[in-house]
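Here is a brisk report on side-chain contacts and strand pairing. The sequence and structure come first.

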Amino acid sequence: MAFFNLLNKVEYACVCGLLNPLTKLYFCRHCMKLRCGFCVCHEVDSHFCSNCLENIPSSEAKIRKNRCNTCFNCPSCQHTLSVRAATATVPLPAGEGKESSPPAAVDEGGSKGSAAELLPSTAPPSPPSRDKQVTKKTYYLACLTCRWNSRDVGIPDQSIATGQWPEPDYPNATRFALLLEHYQSVVLYDKQERQELWRRKTPKQSKFPSLTDRTGLTVSMIRRQMGWTDGKVQIKTTLTPIKESAASEEVDELPAELLSAPVNLKAITTLQQRLAQPAKQSASVNQLYPQHKLLSIKRSLRCRQCDHNVIKSEYNPASIKYRIALFAAYHVPEVRLVRCEALRAGGPEAALLLRITNPTINEMTITIMELPTVDEEKLMLEELKASAEGAPLGGTTSVALSGLNPVLAKQGSLLEEPRLIGRAVNGMLKLPDSSFAVNQRDDSIEFDEVVQVHQDEPKFIVWRKANHVAIQLFVQPMANVLAGEEIVVGFSLQYTYVNTVADKSVAVPSMATGTGIKEQKRQALTTRIYLNLGKLLPSGPG
(Lines give C-alpha, C1' and ligand atoms only; values in the text may rest on other atoms or scores of the structure.)
Protein backbone atom coordinates (compact mmCIF):
# COMPACT_ATOMS: atom_id res chain seq x y z
CA MET A 1 0.00 0.00 0.00
CA ALA A 2 2.96 2.33 0.43
CA PHE A 3 3.39 2.51 -3.35
CA PHE A 4 -0.17 3.67 -3.92
CA ASN A 5 0.12 6.35 -1.24
CA LEU A 6 3.49 7.66 -2.51
CA LEU A 7 2.81 8.02 -6.20
CA ASN A 8 5.23 10.90 -6.72
CA LYS A 9 8.34 8.78 -6.08
CA VAL A 10 8.38 7.39 -9.64
CA GLU A 11 6.98 9.65 -12.37
CA TYR A 12 6.71 9.17 -16.13
CA ALA A 13 7.00 12.00 -18.66
CA CYS A 14 4.05 12.55 -20.98
CA VAL A 15 4.63 13.74 -24.54
CA CYS A 16 3.40 17.20 -23.48
CA GLY A 17 6.14 17.48 -20.83
CA LEU A 18 4.05 16.92 -17.69
CA LEU A 19 5.10 14.35 -15.10
CA ASN A 20 2.56 11.89 -13.72
CA PRO A 21 2.63 8.48 -12.04
CA LEU A 22 1.96 5.52 -14.28
CA THR A 23 -1.52 5.00 -12.80
CA LYS A 24 -2.67 8.39 -14.15
CA LEU A 25 -1.43 7.95 -17.72
CA TYR A 26 -2.97 6.41 -20.83
CA PHE A 27 -1.41 4.76 -23.85
CA CYS A 28 -2.63 5.39 -27.39
CA ARG A 29 -1.97 2.30 -29.53
CA HIS A 30 -2.41 4.32 -32.74
CA CYS A 31 0.00 7.17 -31.88
CA MET A 32 2.22 4.85 -29.78
CA LYS A 33 2.64 7.59 -27.17
CA LEU A 34 1.76 8.21 -23.54
CA ARG A 35 -1.15 10.56 -22.86
CA CYS A 36 -2.00 12.38 -19.64
CA GLY A 37 -5.36 13.87 -18.64
CA PHE A 38 -4.64 17.07 -20.62
CA CYS A 39 -3.73 15.20 -23.81
CA VAL A 40 -7.09 13.43 -24.11
CA CYS A 41 -10.55 14.79 -24.83
CA HIS A 42 -13.16 14.06 -22.16
CA GLU A 43 -16.62 13.15 -23.46
CA VAL A 44 -19.74 12.44 -21.37
CA ASP A 45 -21.40 9.19 -22.46
CA SER A 46 -24.33 8.92 -20.05
CA HIS A 47 -25.82 10.29 -16.82
CA PHE A 48 -26.98 7.98 -14.06
CA CYS A 49 -27.79 7.95 -10.36
CA SER A 50 -25.24 6.06 -8.29
CA ASN A 51 -27.89 5.01 -5.77
CA CYS A 52 -30.85 3.76 -7.84
CA LEU A 53 -28.75 3.13 -11.01
CA GLU A 54 -31.27 4.88 -13.25
CA ASN A 55 -30.04 5.89 -16.70
CA ILE A 56 -31.10 9.45 -17.47
CA PRO A 57 -30.83 11.06 -20.94
CA SER A 58 -28.74 14.21 -21.26
CA SER A 59 -31.72 16.42 -22.09
CA GLU A 60 -33.65 15.20 -19.06
CA ALA A 61 -30.61 15.55 -16.81
CA LYS A 62 -30.32 19.19 -17.87
CA ILE A 63 -33.95 19.82 -16.96
CA ARG A 64 -33.49 18.12 -13.59
CA LYS A 65 -30.39 20.25 -12.95
CA ASN A 66 -28.23 17.11 -12.81
CA ARG A 67 -30.07 15.66 -9.83
CA CYS A 68 -32.07 12.50 -9.22
CA ASN A 69 -35.79 12.84 -8.50
CA THR A 70 -36.09 9.88 -6.13
CA CYS A 71 -32.83 9.81 -4.15
CA PHE A 72 -31.80 12.30 -1.47
CA ASN A 73 -28.66 13.23 0.42
CA CYS A 74 -28.58 13.78 4.16
CA PRO A 75 -28.29 17.52 4.88
CA SER A 76 -26.23 16.81 7.99
CA CYS A 77 -23.53 14.36 6.84
CA GLN A 78 -24.10 14.27 3.01
CA HIS A 79 -24.70 10.51 2.95
CA THR A 80 -27.56 8.90 1.04
CA LEU A 81 -30.89 8.84 2.86
CA SER A 82 -32.90 5.63 3.20
CA VAL A 83 -36.67 5.26 3.14
CA ARG A 84 -37.92 3.78 6.41
CA ALA A 85 -41.38 2.36 7.09
CA ALA A 86 -43.42 2.92 10.23
CA THR A 87 -46.93 2.02 11.41
CA ALA A 88 -49.27 4.64 12.81
CA THR A 89 -52.74 4.30 14.33
CA VAL A 90 -55.16 6.85 12.88
CA PRO A 91 -58.93 7.27 13.34
CA LEU A 92 -61.13 5.92 10.59
CA PRO A 93 -62.59 8.72 8.48
CA ALA A 94 -66.24 9.54 9.09
CA GLY A 95 -68.67 7.61 6.93
CA GLU A 96 -66.49 4.54 6.44
CA GLY A 97 -67.25 2.90 9.83
CA LYS A 98 -71.02 3.20 9.79
CA GLU A 99 -72.96 0.02 9.32
CA SER A 100 -75.11 -0.11 6.28
CA SER A 101 -78.89 0.16 6.89
CA PRO A 102 -80.86 -3.11 6.67
CA PRO A 103 -82.48 -3.79 3.34
CA ALA A 104 -86.15 -3.10 2.85
CA ALA A 105 -88.42 -6.03 3.41
CA VAL A 106 -90.33 -7.43 0.47
CA ASP A 107 -93.69 -9.17 0.93
CA GLU A 108 -94.98 -12.08 -1.03
CA GLY A 109 -97.04 -9.90 -3.28
CA GLY A 110 -94.04 -7.90 -4.23
CA SER A 111 -94.94 -4.69 -2.35
CA LYS A 112 -92.09 -3.07 -0.45
CA GLY A 113 -92.28 -1.87 3.11
CA SER A 114 -89.89 -0.50 5.68
CA ALA A 115 -88.49 -2.70 8.43
CA ALA A 116 -90.14 -0.55 11.11
CA GLU A 117 -93.57 -1.22 9.68
CA LEU A 118 -93.20 -5.01 9.52
CA LEU A 119 -91.28 -5.69 12.76
CA PRO A 120 -92.43 -4.56 16.16
CA SER A 121 -90.21 -1.98 17.88
CA THR A 122 -89.46 -4.02 20.96
CA ALA A 123 -85.60 -4.03 20.65
CA PRO A 124 -83.72 -1.63 22.96
CA PRO A 125 -81.79 1.24 21.33
CA SER A 126 -78.09 0.45 20.57
CA PRO A 127 -75.41 2.48 22.41
CA PRO A 128 -73.41 5.05 20.37
CA SER A 129 -70.31 3.43 18.78
CA ARG A 130 -66.87 4.90 19.44
CA ASP A 131 -64.51 6.07 16.61
CA LYS A 132 -62.74 3.10 15.12
CA GLN A 133 -58.91 3.04 14.93
CA VAL A 134 -57.02 1.61 11.93
CA THR A 135 -53.31 0.88 11.44
CA LYS A 136 -51.72 2.67 8.52
CA LYS A 137 -48.23 2.28 7.05
CA THR A 138 -46.21 5.47 6.54
CA TYR A 139 -42.75 6.22 5.19
CA TYR A 140 -40.10 8.75 6.16
CA LEU A 141 -36.47 9.54 5.26
CA ALA A 142 -33.69 8.57 7.66
CA CYS A 143 -29.90 8.60 7.60
CA LEU A 144 -28.23 5.45 8.85
CA THR A 145 -24.97 7.29 9.54
CA CYS A 146 -25.86 10.31 11.69
CA ARG A 147 -29.45 9.27 12.63
CA TRP A 148 -31.03 12.34 11.04
CA ASN A 149 -34.60 11.86 9.80
CA SER A 150 -37.21 13.93 8.03
CA ARG A 151 -39.37 14.13 11.15
CA ASP A 152 -36.77 16.34 12.85
CA VAL A 153 -37.60 19.24 10.53
CA GLY A 154 -41.33 18.65 10.37
CA ILE A 155 -41.60 16.97 6.96
CA PRO A 156 -44.84 14.94 6.97
CA ASP A 157 -44.69 11.21 6.38
CA GLN A 158 -45.79 9.85 3.02
CA SER A 159 -48.26 7.05 2.35
CA ILE A 160 -46.08 5.48 -0.38
CA ALA A 161 -42.37 4.73 -0.45
CA THR A 162 -41.76 6.68 -3.67
CA GLY A 163 -43.88 9.62 -2.59
CA GLN A 164 -43.32 13.19 -3.70
CA TRP A 165 -41.52 14.73 -0.76
CA PRO A 166 -42.37 18.42 -0.31
CA GLU A 167 -39.80 20.88 -1.61
CA PRO A 168 -38.87 23.86 0.58
CA ASP A 169 -39.56 27.37 -0.67
CA TYR A 170 -36.57 29.63 -1.22
CA PRO A 171 -36.87 33.42 -1.00
CA ASN A 172 -34.76 34.18 -4.11
CA ALA A 173 -36.07 31.43 -6.38
CA THR A 174 -38.04 33.84 -8.59
CA ARG A 175 -35.06 36.18 -8.98
CA PHE A 176 -32.73 33.36 -10.00
CA ALA A 177 -35.28 32.07 -12.52
CA LEU A 178 -35.44 35.53 -14.15
CA LEU A 179 -31.65 35.76 -14.24
CA LEU A 180 -31.41 32.34 -15.84
CA GLU A 181 -33.93 33.27 -18.53
CA HIS A 182 -32.14 36.56 -19.21
CA TYR A 183 -28.68 35.03 -19.63
CA GLN A 184 -30.03 32.22 -21.81
CA SER A 185 -31.38 34.87 -24.18
CA VAL A 186 -28.00 36.66 -24.08
CA VAL A 187 -26.18 33.47 -25.06
CA LEU A 188 -28.61 32.75 -27.90
CA TYR A 189 -28.36 36.34 -29.13
CA ASP A 190 -24.54 36.23 -29.19
CA LYS A 191 -24.61 32.92 -31.03
CA GLN A 192 -26.86 34.33 -33.76
CA GLU A 193 -24.64 37.42 -34.07
CA ARG A 194 -21.54 35.24 -34.57
CA GLN A 195 -23.29 33.12 -37.17
CA GLU A 196 -24.43 36.22 -39.05
CA LEU A 197 -20.93 37.69 -38.96
CA TRP A 198 -19.42 34.42 -40.21
CA ARG A 199 -22.00 34.27 -43.02
CA ARG A 200 -21.07 37.76 -44.17
CA LYS A 201 -17.32 37.13 -44.07
CA THR A 202 -17.46 33.79 -45.90
CA PRO A 203 -16.54 34.41 -49.55
CA LYS A 204 -19.04 33.18 -52.09
CA GLN A 205 -17.77 30.64 -54.58
CA SER A 206 -19.54 32.07 -57.61
CA LYS A 207 -22.63 34.12 -58.38
CA PHE A 208 -23.51 31.82 -61.29
CA PRO A 209 -24.90 28.27 -61.01
CA SER A 210 -22.34 25.50 -60.97
CA LEU A 211 -21.94 23.76 -64.32
CA THR A 212 -21.12 20.52 -62.61
CA ASP A 213 -24.42 20.46 -60.80
CA ARG A 214 -26.85 17.84 -62.03
CA THR A 215 -29.77 20.27 -62.39
CA GLY A 216 -27.79 23.46 -62.98
CA LEU A 217 -29.64 25.25 -60.20
CA THR A 218 -29.16 25.30 -56.48
CA VAL A 219 -31.91 24.38 -54.08
CA SER A 220 -32.33 28.00 -53.03
CA MET A 221 -32.86 29.21 -56.61
CA ILE A 222 -35.40 26.44 -57.27
CA ARG A 223 -37.41 27.43 -54.20
CA ARG A 224 -37.42 31.08 -55.28
CA GLN A 225 -38.58 30.24 -58.79
CA MET A 226 -41.44 28.18 -57.40
CA GLY A 227 -42.43 30.97 -55.05
CA TRP A 228 -41.52 29.15 -51.87
CA THR A 229 -39.65 30.63 -48.93
CA ASP A 230 -35.99 29.83 -48.39
CA GLY A 231 -36.46 27.07 -45.83
CA LYS A 232 -36.96 28.00 -42.22
CA VAL A 233 -36.76 31.71 -41.57
CA GLN A 234 -34.80 32.17 -38.38
CA ILE A 235 -36.35 34.77 -36.11
CA LYS A 236 -33.77 36.91 -34.39
CA THR A 237 -33.81 36.58 -30.64
CA THR A 238 -34.43 39.63 -28.52
CA LEU A 239 -32.91 40.06 -25.11
CA THR A 240 -35.23 39.40 -22.20
CA PRO A 241 -35.47 42.56 -20.06
CA ILE A 242 -34.63 42.25 -16.41
CA LYS A 243 -34.61 44.66 -13.54
CA GLU A 244 -31.11 45.45 -12.42
CA SER A 245 -30.12 44.98 -8.81
CA ALA A 246 -29.55 48.21 -6.89
CA ALA A 247 -27.37 48.54 -3.82
CA SER A 248 -29.01 49.96 -0.73
CA GLU A 249 -27.38 51.86 2.11
CA GLU A 250 -30.08 50.85 4.57
CA VAL A 251 -28.95 47.73 6.36
CA ASP A 252 -30.88 46.02 9.12
CA GLU A 253 -29.24 46.15 12.50
CA LEU A 254 -28.04 43.03 14.18
CA PRO A 255 -30.43 41.64 16.80
CA ALA A 256 -29.40 42.22 20.40
CA GLU A 257 -29.77 38.56 21.31
CA LEU A 258 -27.04 37.69 18.83
CA LEU A 259 -24.48 39.28 21.13
CA SER A 260 -26.05 38.42 24.49
CA ALA A 261 -27.55 34.96 24.08
CA PRO A 262 -25.25 31.95 24.72
CA VAL A 263 -24.03 30.13 21.64
CA ASN A 264 -25.10 26.52 21.15
CA LEU A 265 -22.75 25.03 18.60
CA LYS A 266 -24.90 21.92 18.21
CA ALA A 267 -27.76 24.03 16.83
CA ILE A 268 -25.60 25.95 14.31
CA THR A 269 -24.88 24.55 10.86
CA THR A 270 -21.33 23.98 9.71
CA LEU A 271 -19.76 25.46 6.61
CA GLN A 272 -20.09 22.18 4.70
CA GLN A 273 -23.79 21.96 5.52
CA ARG A 274 -24.42 25.52 4.33
CA LEU A 275 -22.53 25.08 1.08
CA ALA A 276 -24.52 21.91 0.37
CA GLN A 277 -27.66 24.11 0.27
CA PRO A 278 -26.55 27.25 -1.59
CA ALA A 279 -30.13 28.44 -2.22
CA LYS A 280 -30.92 29.00 1.45
CA GLN A 281 -27.77 28.44 3.55
CA SER A 282 -29.67 27.94 6.78
CA ALA A 283 -27.98 28.99 10.00
CA SER A 284 -29.90 26.54 12.20
CA VAL A 285 -29.92 22.77 11.99
CA ASN A 286 -33.70 22.81 12.35
CA GLN A 287 -33.97 24.30 8.85
CA LEU A 288 -31.91 21.70 6.99
CA TYR A 289 -33.87 19.89 4.30
CA PRO A 290 -32.82 16.85 2.27
CA GLN A 291 -31.23 17.61 -1.10
CA HIS A 292 -31.65 15.62 -4.30
CA LYS A 293 -28.65 13.44 -5.04
CA LEU A 294 -26.29 14.64 -7.76
CA LEU A 295 -26.02 12.52 -10.88
CA SER A 296 -22.87 10.68 -11.85
CA ILE A 297 -21.52 10.33 -15.37
CA LYS A 298 -19.75 7.75 -17.48
CA ARG A 299 -17.18 9.37 -19.70
CA SER A 300 -14.95 8.26 -22.52
CA LEU A 301 -11.46 9.59 -23.25
CA ARG A 302 -10.30 10.25 -26.78
CA CYS A 303 -6.80 10.99 -28.04
CA ARG A 304 -6.64 14.58 -29.26
CA GLN A 305 -4.16 13.86 -32.02
CA CYS A 306 -5.67 10.81 -33.74
CA ASP A 307 -9.27 10.96 -32.35
CA HIS A 308 -9.22 7.30 -31.32
CA ASN A 309 -10.83 6.18 -28.07
CA VAL A 310 -8.46 5.51 -25.19
CA ILE A 311 -11.08 4.75 -22.53
CA LYS A 312 -14.62 3.58 -23.29
CA SER A 313 -16.87 2.16 -20.56
CA GLU A 314 -19.99 0.06 -20.73
CA TYR A 315 -23.31 1.86 -21.08
CA ASN A 316 -25.00 -0.09 -18.27
CA PRO A 317 -24.62 1.82 -14.97
CA ALA A 318 -24.38 -1.42 -12.99
CA SER A 319 -21.37 -2.58 -15.01
CA ILE A 320 -17.83 -1.60 -14.05
CA LYS A 321 -16.19 -3.10 -17.13
CA TYR A 322 -14.58 -1.22 -20.01
CA ARG A 323 -15.06 -1.74 -23.70
CA ILE A 324 -11.70 -0.05 -24.33
CA ALA A 325 -9.19 0.24 -21.48
CA LEU A 326 -5.84 1.56 -22.73
CA PHE A 327 -4.33 2.38 -19.36
CA ALA A 328 -0.58 2.88 -19.46
CA ALA A 329 -0.14 0.33 -16.68
CA TYR A 330 -1.29 -2.38 -19.13
CA HIS A 331 1.22 -1.53 -21.89
CA VAL A 332 4.24 0.27 -20.39
CA PRO A 333 6.78 -1.44 -18.09
CA GLU A 334 6.26 -0.49 -14.49
CA VAL A 335 9.24 0.77 -12.47
CA ARG A 336 9.04 0.64 -8.69
CA LEU A 337 11.49 1.98 -6.15
CA VAL A 338 12.32 -0.91 -3.83
CA ARG A 339 15.16 0.41 -1.70
CA CYS A 340 17.77 3.16 -1.69
CA GLU A 341 20.67 3.56 0.68
CA ALA A 342 21.16 6.79 2.60
CA LEU A 343 22.53 9.63 0.46
CA ARG A 344 25.08 11.84 2.17
CA ALA A 345 26.89 14.94 0.98
CA GLY A 346 30.41 14.00 -0.12
CA GLY A 347 29.75 10.37 0.70
CA PRO A 348 30.24 7.27 -1.44
CA GLU A 349 27.83 5.98 -4.05
CA ALA A 350 24.52 4.68 -2.76
CA ALA A 351 22.93 1.49 -4.06
CA LEU A 352 19.51 1.84 -5.67
CA LEU A 353 17.26 -1.18 -6.14
CA LEU A 354 14.51 -0.98 -8.79
CA ARG A 355 11.90 -3.52 -9.81
CA ILE A 356 10.71 -3.59 -13.43
CA THR A 357 7.50 -5.43 -14.35
CA ASN A 358 6.34 -6.42 -17.82
CA PRO A 359 2.50 -6.09 -17.97
CA THR A 360 2.10 -7.40 -21.54
CA ILE A 361 1.80 -10.93 -22.90
CA ASN A 362 4.95 -10.50 -25.04
CA GLU A 363 8.57 -10.55 -24.00
CA MET A 364 10.24 -7.14 -23.64
CA THR A 365 13.81 -6.08 -24.24
CA ILE A 366 14.65 -3.12 -22.02
CA THR A 367 17.53 -0.69 -22.37
CA ILE A 368 18.26 2.04 -19.81
CA MET A 369 19.85 5.15 -21.34
CA GLU A 370 20.80 8.69 -20.40
CA LEU A 371 18.26 11.49 -20.45
CA PRO A 372 18.30 13.69 -23.56
CA THR A 373 20.05 17.03 -23.32
CA VAL A 374 18.23 20.37 -23.58
CA ASP A 375 19.06 20.73 -27.28
CA GLU A 376 17.90 17.20 -28.02
CA GLU A 377 14.71 17.82 -26.04
CA LYS A 378 13.97 20.98 -28.04
CA LEU A 379 14.49 19.05 -31.26
CA MET A 380 12.04 16.41 -30.00
CA LEU A 381 9.46 19.12 -29.29
CA GLU A 382 9.79 20.50 -32.82
CA GLU A 383 9.26 17.02 -34.26
CA LEU A 384 6.17 16.55 -32.09
CA LYS A 385 4.70 19.85 -33.26
CA ALA A 386 5.41 18.99 -36.89
CA SER A 387 3.79 15.55 -36.54
CA ALA A 388 0.73 17.07 -34.84
CA GLU A 389 0.29 19.64 -37.61
CA GLY A 390 0.65 17.00 -40.32
CA ALA A 391 -1.85 14.56 -38.79
CA PRO A 392 -4.46 13.14 -41.20
CA LEU A 393 -7.36 14.74 -39.38
CA GLY A 394 -5.64 18.09 -39.36
CA GLY A 395 -5.12 18.20 -43.13
CA THR A 396 -7.65 17.71 -45.90
CA THR A 397 -10.49 16.72 -43.57
CA SER A 398 -10.24 19.92 -41.57
CA VAL A 399 -10.13 22.03 -44.72
CA ALA A 400 -13.25 20.34 -46.08
CA LEU A 401 -15.12 20.72 -42.82
CA SER A 402 -14.05 24.33 -42.36
CA GLY A 403 -15.71 25.19 -45.68
CA LEU A 404 -19.04 23.95 -44.28
CA ASN A 405 -18.89 25.10 -40.70
CA PRO A 406 -15.91 26.35 -38.69
CA VAL A 407 -17.24 24.57 -35.62
CA LEU A 408 -16.86 21.13 -37.26
CA ALA A 409 -13.21 21.67 -38.13
CA LYS A 410 -10.63 20.35 -35.73
CA GLN A 411 -8.84 23.21 -34.05
CA GLY A 412 -5.15 23.05 -33.26
CA SER A 413 -5.72 24.85 -29.96
CA LEU A 414 -7.28 21.67 -28.55
CA LEU A 415 -3.88 19.96 -28.60
CA GLU A 416 -1.77 20.38 -25.50
CA GLU A 417 1.30 22.50 -26.22
CA PRO A 418 4.50 20.45 -25.69
CA ARG A 419 6.96 21.92 -23.22
CA LEU A 420 10.28 21.22 -21.58
CA ILE A 421 10.15 19.02 -18.49
CA GLY A 422 10.33 21.22 -15.44
CA ARG A 423 12.24 18.81 -13.25
CA ALA A 424 15.92 19.40 -12.52
CA VAL A 425 18.14 16.34 -12.04
CA ASN A 426 20.72 16.72 -9.25
CA GLY A 427 22.03 13.18 -9.02
CA MET A 428 24.30 11.10 -11.25
CA LEU A 429 23.04 7.61 -12.01
CA LYS A 430 25.42 4.85 -13.03
CA LEU A 431 23.51 3.08 -15.79
CA PRO A 432 23.89 -0.59 -16.82
CA ASP A 433 26.10 -1.34 -19.80
CA SER A 434 23.79 -3.80 -21.60
CA SER A 435 20.16 -4.53 -22.35
CA PHE A 436 18.14 -7.23 -20.63
CA ALA A 437 14.94 -9.14 -21.31
CA VAL A 438 11.83 -9.33 -19.14
CA ASN A 439 9.53 -12.31 -19.53
CA GLN A 440 5.91 -11.93 -20.55
CA ARG A 441 3.06 -11.86 -18.05
CA ASP A 442 1.57 -15.29 -17.38
CA ASP A 443 -1.16 -15.51 -14.75
CA SER A 444 -0.91 -19.28 -14.48
CA ILE A 445 2.82 -19.47 -13.86
CA GLU A 446 2.48 -19.04 -10.11
CA PHE A 447 0.27 -22.14 -9.97
CA ASP A 448 2.60 -24.26 -12.11
CA GLU A 449 5.59 -25.99 -10.54
CA VAL A 450 8.14 -24.83 -13.06
CA VAL A 451 11.82 -24.81 -12.13
CA GLN A 452 13.54 -21.85 -13.74
CA VAL A 453 16.70 -22.74 -15.60
CA HIS A 454 19.75 -20.87 -14.36
CA GLN A 455 21.14 -18.55 -16.99
CA ASP A 456 24.03 -16.12 -17.07
CA GLU A 457 22.60 -12.79 -15.97
CA PRO A 458 24.35 -9.42 -16.06
CA LYS A 459 25.85 -8.25 -12.80
CA PHE A 460 23.27 -5.49 -12.24
CA ILE A 461 20.35 -7.98 -12.13
CA VAL A 462 19.70 -8.99 -8.53
CA TRP A 463 16.85 -11.45 -8.98
CA ARG A 464 14.28 -12.49 -11.56
CA LYS A 465 10.86 -14.06 -11.04
CA ALA A 466 8.09 -14.52 -13.64
CA ASN A 467 7.62 -11.11 -15.33
CA HIS A 468 9.54 -9.19 -12.62
CA VAL A 469 13.21 -8.20 -12.69
CA ALA A 470 15.10 -6.38 -9.94
CA ILE A 471 18.17 -4.37 -10.95
CA GLN A 472 20.76 -2.59 -8.82
CA LEU A 473 22.13 0.84 -9.84
CA PHE A 474 24.36 3.33 -8.06
CA VAL A 475 23.61 6.98 -7.35
CA GLN A 476 26.02 9.82 -6.56
CA PRO A 477 24.64 13.28 -5.57
CA MET A 478 26.13 16.24 -7.39
CA ALA A 479 28.67 18.43 -5.62
CA ASN A 480 26.50 21.58 -5.63
CA VAL A 481 23.56 19.94 -3.81
CA LEU A 482 23.00 21.20 -0.27
CA ALA A 483 21.94 19.05 2.65
CA GLY A 484 18.16 18.79 2.98
CA GLU A 485 17.38 19.06 -0.73
CA GLU A 486 15.48 16.39 -2.61
CA ILE A 487 17.65 14.13 -4.78
CA VAL A 488 16.10 13.52 -8.21
CA VAL A 489 17.56 11.20 -10.82
CA GLY A 490 16.23 10.21 -14.20
CA PHE A 491 16.81 7.95 -17.16
CA SER A 492 15.30 7.05 -20.51
CA LEU A 493 13.69 3.62 -20.64
CA GLN A 494 13.58 1.99 -24.08
CA TYR A 495 11.37 -1.09 -24.41
CA THR A 496 10.03 -3.23 -27.22
CA TYR A 497 6.27 -3.17 -27.72
CA VAL A 498 4.22 -5.47 -29.92
CA ASN A 499 1.43 -3.52 -31.59
CA THR A 500 -1.70 -5.62 -32.08
CA VAL A 501 -3.81 -2.96 -33.81
CA ALA A 502 -5.05 -4.11 -37.22
CA ASP A 503 -3.22 -2.22 -39.95
CA LYS A 504 -3.98 -2.76 -43.62
CA SER A 505 -0.50 -1.78 -44.65
CA VAL A 506 1.05 -4.68 -42.75
CA ALA A 507 -1.60 -7.29 -43.58
CA VAL A 508 -0.09 -10.30 -45.32
CA PRO A 509 -2.39 -12.18 -47.76
CA SER A 510 -2.90 -15.84 -47.01
CA MET A 511 -2.25 -18.38 -49.76
CA ALA A 512 -5.19 -20.57 -48.77
CA THR A 513 -8.01 -18.11 -48.17
CA GLY A 514 -6.66 -14.96 -49.78
CA THR A 515 -7.65 -12.88 -46.76
CA GLY A 516 -5.33 -10.57 -44.89
CA ILE A 517 -3.68 -11.91 -41.76
CA LYS A 518 -2.76 -9.34 -39.13
CA GLU A 519 0.98 -9.28 -38.60
CA GLN A 520 2.29 -8.29 -35.20
CA LYS A 521 4.47 -5.23 -35.37
CA ARG A 522 7.34 -4.97 -32.89
CA GLN A 523 8.50 -1.44 -32.19
CA ALA A 524 11.02 0.17 -29.88
CA LEU A 525 9.47 2.91 -27.72
CA THR A 526 11.14 5.26 -25.28
CA THR A 527 9.83 7.00 -22.18
CA ARG A 528 11.52 9.20 -19.60
CA ILE A 529 11.32 8.30 -15.90
CA TYR A 530 12.23 10.46 -12.90
CA LEU A 531 12.88 9.09 -9.39
CA ASN A 532 12.65 11.04 -6.13
CA LEU A 533 15.14 9.40 -3.74
CA GLY A 534 14.50 11.59 -0.71
CA LYS A 535 16.49 14.31 1.05
CA LEU A 536 20.26 14.54 1.11
CA LEU A 537 21.70 13.91 4.55
CA PRO A 538 24.62 15.95 5.89
CA SER A 539 28.06 14.41 5.77
CA GLY A 540 29.11 12.43 8.78
CA PRO A 541 28.68 9.01 10.38
CA GLY A 542 25.29 7.32 10.07
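Predicted model: local features only at pLDDT ≥ 70, side-chain atom pairs only at ≥ 80, totals over all residues.

Residues are numbered from 1 along each chain as its sequence is written, and side-chain values use heavy atoms, with hydrogens and water left out.

**Cysteines**

A search of the whole structure gives 0 disulfides. A disulfide here is a pair of cysteine sulfur atoms within 2.5 Å. For Cys31, the closest cysteine sulfur belongs to Cys306 and lies 3.4 Å away, too far for a bond. Cys49 is in no disulfide either; its nearest cysteine sulfur, in Cys52, is 3.6 Å away. Accessibility classes are as follows: buried is under 20% relative accessible area, exposed is over 50%, and partly exposed is in between (1.4 Å probe, protein chains only). Cys31 is buried because its relative accessibility is 12%. Cys49 is buried too, at 0%.

**Salt bridges**

The count is 11 salt bridges, each a side-chain nitrogen of Lys or Arg within 4 Å of a carboxyl oxygen of Asp or Glu. The table lists some of them.

| Pair | Closest N to O distance |
|---|---|
| Asp45 and Lys312 | 3.7 Å |

Helices (H or I, at least four residues) and strands (E, at least two) are DSSP runs, numbered from the N terminus. Asp45 and Lys312 form a salt bridge. Asp45 is in strand β5 (residues 40–48) and Lys312 in strand β14 (residues 309–313), so this pair ties together parts 267 residues apart in sequence. Asp45 is partly exposed at 28% relative accessibility. Lys312 is partly exposed at 22%.

Arg64 sits in the loop between α2 (58–63) and β7 (67–73), and Glu54 in the loop between β5 and β6 (55–56), 10 residues apart. Arg64 is buried at 17% relative accessibility, whereas Glu54 is partly exposed at 31%.

Through shared partners, salt bridges join Glu54, Glu60 and Arg64 into one network.

**The sheet**

Two strands pair if DSSP finds at least two bridges between them. What is the strand order in the open sheet of 5 strands? The order is β6-β5-β13-β14-β15, with antiparallel pairing. β6 and β15 (322–325) stand at the edges with a single partner strand each, so one side of each has no neighbour in the sheet. β14 and β15 run antiparallel and are joined by 3 bridges. Lys312 stands opposite Ile324 in β15.

**Aromatic contacts**

There are 5 aromatic pairs in the structure. Rings of Phe, Tyr and Trp (its six-membered ring) pair if their centres lie within 6.5 Å; planes under 30 degrees apart count as stacked, over 60 as edge-to-face and the rest as tilted. Tyr322 and Phe327 have ring centres 5.6 Å apart and planes at 85°, so they are edge-to-face. Tyr322 is partly exposed at 43% relative accessibility. Phe327 and Tyr330 are edge-to-face because their planes are at 85°, with centres 5.8 Å apart. Ring pairs link Tyr26, Tyr322, Phe327 and Tyr330 into a cluster.

The charged end of Arg151 sits over the ring of Tyr140, 4.0 Å from its centre. The rule is NZ of Lys or CZ of Arg within 6 Å of the ring centre and within 35 degrees of the ring normal.
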